[in-house]
Each structure stands twice: as C-alpha cells, then as structure tokens.
Amino acid sequence: MKNIYIEEITVGQKIDSLFLIENPSIKSKTGGLFITCTISDRTGTRDCKIWGNRGSSEEEIERYYELIVEGNIYRIAGEVREYNGAMEIHVNSGIEFLAYTENENNLNIRDYIYSPVDPDETKKKLEKHISGIKDSGIRKIVREAIKTSDGFYEKPAAKKNHHAYYGGLAHHTLEVVEIAAGITDSLPGIDIDRDIVIAGALIHDIGKADTFEKSGISYKPCPAYSLIGHISPAIERISKFRTYTDEDAFYHLLHIIQSHHGTYGDVLPQSTEAWTVHHADNISAMLNEVSSTLKDIKEGEFGWCKPVNSNLYRFHKKRDSVTGRTIKPDDKSPAHNKEEPDDNKPNKGQSSLF
Ligand SMILES: [Fe+2]
Ligand SMILES: [Fe+2]
C-alpha cells in the first residue's frame, strides 16, 4: 500500500510504505554488516540503510541482501533520520519485509519511477537539435548512433551523482547541447564549428547507454559501467558509421568523445569544439549535483557536497517586495559551518563526475 511519498517524509517520522529499491550494496562497519540502497517513487529518492534487528547476524544480513532484486518494489518500514545534512531512512525490524517483492501487476508503476523532467519533451527537443545539424553526413552519424543505442531516452546518466534518474542520460545530453550551443553563439569572434559542437555534445556520453541494463522496472549498471566506463563503448559505436563523413569530421567527433572529461581524462581537448563540449558537460554535471545537494540544506546553513568536494551555503532567496531586502526568518547569523566527516573530506584522487 502506497501511503506516503518521498516528498512528504520528514525527519523523525516513522514510515511504512512501498518504494522502488535501487543500488543495493552491502557494507561493513564495526559491529557487523548492513545494507545500503536508494529508495524512490515518482516524487524523489532517498538513501536507505538497512541495519536489521539488534543482534542480527552477518549471515542474516547477507541473506536479505541476496533476496533484494534491484528495480523491484518493496515494503519499507523504518524511521527517517538526518545524516550529514541529508534525510535517510533507517530500517531495523522492517528488514523482514525485504524477503519478498510487491506484485507489480497490482500497482501503478508510474508511481515508483522518479524523473524530474518529462522524457517525451526531452526527446522532442533532442530530435530538433539533431535535425538542426546542417552537414548531412554528421547528422546521419548522430541519428544512427542514438537510434541504435538501446534505451538512450530512458536510461539514467549515472548510478549515483548527476542525472541519476529515469531519462537522465537524455536530459543531461540536452543540457550539454544547449549550453554548448550557447557558448558557441556567444563567441562570434572565435572559430567554432557549430555542427561539430552540437554533434559532439549529442554523442559525448552515448556509451553510457551500453553500460545500463533493464532490471525490474528500472535500470542497473552492467559490469561494463565500472570495468570500462563509457568512452570506449561510444567510440566503438561511432566507428560503425565511419563512411558517413570525411576523415577530419569523423576523427573530430571521436576526439570530442575521448577528451570530454578534460583534465580528469586521459586525453585533453585539442580544439575549440572539444573544449566547448568539455566545459558544457562540466557545467551540466556540476550544477545538477550542487542543486540537488542544496535541496537538502536549510536556508542559512552549510552542507557538504561530496561529488564536487565543496561546502555549499543555502542563501535566503525571499525578498521584501517593497524594500527588495532579503527576508530572513530570524536575525541570527548563519549556522556554523558543519565540519565534513572524515570519509567525506576532499580526496585528491577523486574521479570525474561526468
Ligand atoms: Fe556528460
Ligand atoms: Fe562522460
């Protein structure tokens, strides 16, 4: 029975409702094992920690972990707590409900799929950008690459981090295309090939579609997601269309894919077009992370944003309609900067977001 949605839950509340489980993982801590996962419905997602009963053995936790099928709907009974500025669900005795999934036939599946955007709208906009590519050979490469990438419009852009939701890959791609077009159009004095920029932005992450597979009503990463990443599958896919354009344009597109991670990657961008796509990608990924972290921070407080290795401050946005001055709920100065936990401190070896 669905009696509460993610957007309605508050810290301290006890919940007992149906949610989709994704990203299950087993972790160890002094005192034993526990399961982490994300739970979601159409209104959002939250982290969830499943500890089991006091005295639950490691074997018992492992057994429940084995029973969880990613992308299925489960009854989650637990308590909402706050950790590091974000809400998360803690499950103790409710672990017993993870022994079986809910029958999807009795449920409205759409209630359990989270996407902050309309995937049909994203698709329409992307198709318009593809049609806008003037060079017919380049246009054909992009069109074929997307057409042959199974689930491109439905799959997420990541397991966690930016655009990790239904339709996230296409939504991130649309943002990168539009930011890259904006950069190109704002710099008329700089020689940037618009067709190459738009095409490069459209296919820069196309390899991600090959790294997710259907699981239940959702998508989960295949081993390739961690083993080879998304650059080589993209190069492999685009290479099938070598004959559609000339050598220069073809290798330029491959170079944009290869270098789009910028300083985080193996090859630095070596053209104005490749730098444009890299920066557009960075803006889309970073701001998505920053904005979703800020949603969990109260006005006038700081919170740690692990993916960008930085503290964030939630400014007061309300203004007095007469004086134009910022309205604060009280006159106290902002809450003291929270010290980030040791395991979240900046890590020089941090990998790319993109
Ligand atoms: Fe990207
Ligand atoms: Fe990428």
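Reader: What joins β2 to β3, and through how many residues?

Author: A hairpin does, through two residues. Keep in mind that this is a predicted model.

Reader: In which sense do β2 and β3 run, and how many bridges join them?

Author: Strand β2 covers residues 32-41. It runs antiparallel to β3, and seven bridges join the two. For one such bridge, look at Asp41: its partner in β3 is Gly44.

Reader: In which sense do β3 and β5 pair?

Author: In the parallel sense, over four bridges. Strand β5 spans residues 86-91. Lys49 has His90 in β5 as its bridge partner. Ile50 stands opposite Val91 in β5.

Reader: How should I picture the side chains along a strand?

Author: In a regular strand they alternate between the two faces of the sheet.

Reader: How many residues of β5 are buried?

Author: Five of the six. Strand β5 is therefore largely enclosed by the rest of the structure.

Reader: Which sense describes the pairing of β4 and β5, parallel or antiparallel?

Author: Antiparallel, over five bridges. Strand β4 covers residues 73-83. Tyr83 stands opposite Ala86 in β5. Glu82 has Met87 in β5 as its bridge partner.

Reader: What do β4 and β5 form, and what is the phi of Asn84?

Author: They form a hairpin with two residues between them. Asn84 sits in the turn and has a positive phi of about 55°.

Reader: How do I read a positive phi?

Author: Compare it with the general rule. Most residues other than glycine have a negative phi. Now turn to Asn23. Its phi is near 50°, a positive value in a residue other than glycine.

Reader: Where is Asn23 found?

Author: In strand β1, residues 14-29. Asn23 is buried, at a relative accessible area of 17%.

Reader: How many bridges join β1 to β4?

Author: Seven, and the two strands run antiparallel. Ser17 stands opposite Ile76 in β4.

Reader: Where is Asn309, and what is its phi?

Author: Asn309 lies in the loop between β8 (302-305) and β9 (310-313). Its phi is positive, about 50°, although Asn309 is not a glycine. With 22% relative accessibility, Asn309 counts as partly exposed.

Reader: Which class of exposure does Ile228 belong to?

Author: The cut-off for exposed is over 50%. Ile228 has 52% relative accessibility and counts as exposed. Find Ile228 in the loop between α6 (223-227) and α7 (231-239). Then look across to Thr211, which is 17 residues apart from Ile228 along the chain. The C-alpha atoms of the two are separated by 9.0 Å.

Reader: How do I judge the geometry of a metal site?

Author: Begin with the ideal. Four tetrahedral donors have ideal angles of 109.5 degrees at the metal.

Reader: How far apart are the iron ion (ligand 1) and the iron ion (ligand 2)?

Author: They are 3.8 Å apart. Asp205 coordinates both.

Reader: What about the second largest pocket: how much space lies in it?

Author: About 300 Å³. Its lining divides into five nonpolar, one polar and six charged residues. Among the lining residues are Arg42, Arg110, Asp118, Lys123 and Tyr166.

Note on methods:
Residues are numbered from 1 along each chain as its sequence is written. Chains are lettered from A and ligands numbered from 1 in the order in which they are written. This is a predicted model: local features need pLDDT of at least 70, side-chain atom pairs count only at pLDDT 80 or more; totals for chains, interfaces and linings use all residues. Side-chain values use heavy atoms; hydrogens and water are left out. Donors are N, O and S atoms within 2.8 Å of the metal (3.2 Å for Na, K and Ca); water is not among the atoms, so sites may look incomplete. On a 1 Å grid over the protein atoms alone, a cavity is a set of points where a 1.4 Å probe fits but cannot get out, and a pocket is an open set with protein on both sides within 12 Å along at least five of seven lines; lining residues have an atom within 4 Å of a point. Grid points are joined across faces, edges and corners, and a volume is the space filled by probe spheres set on the points. Ala, Val, Leu, Ile, Met, Phe, Trp, Tyr, Cys and Pro count as nonpolar, Asp, Glu, Lys and Arg as charged, and the others, Gly among them, as polar. Buried means under 20% relative accessible area, exposed over 50%, partly exposed in between (1.4 Å probe, protein chains only). Two strands pair if DSSP finds at least two bridges between them.
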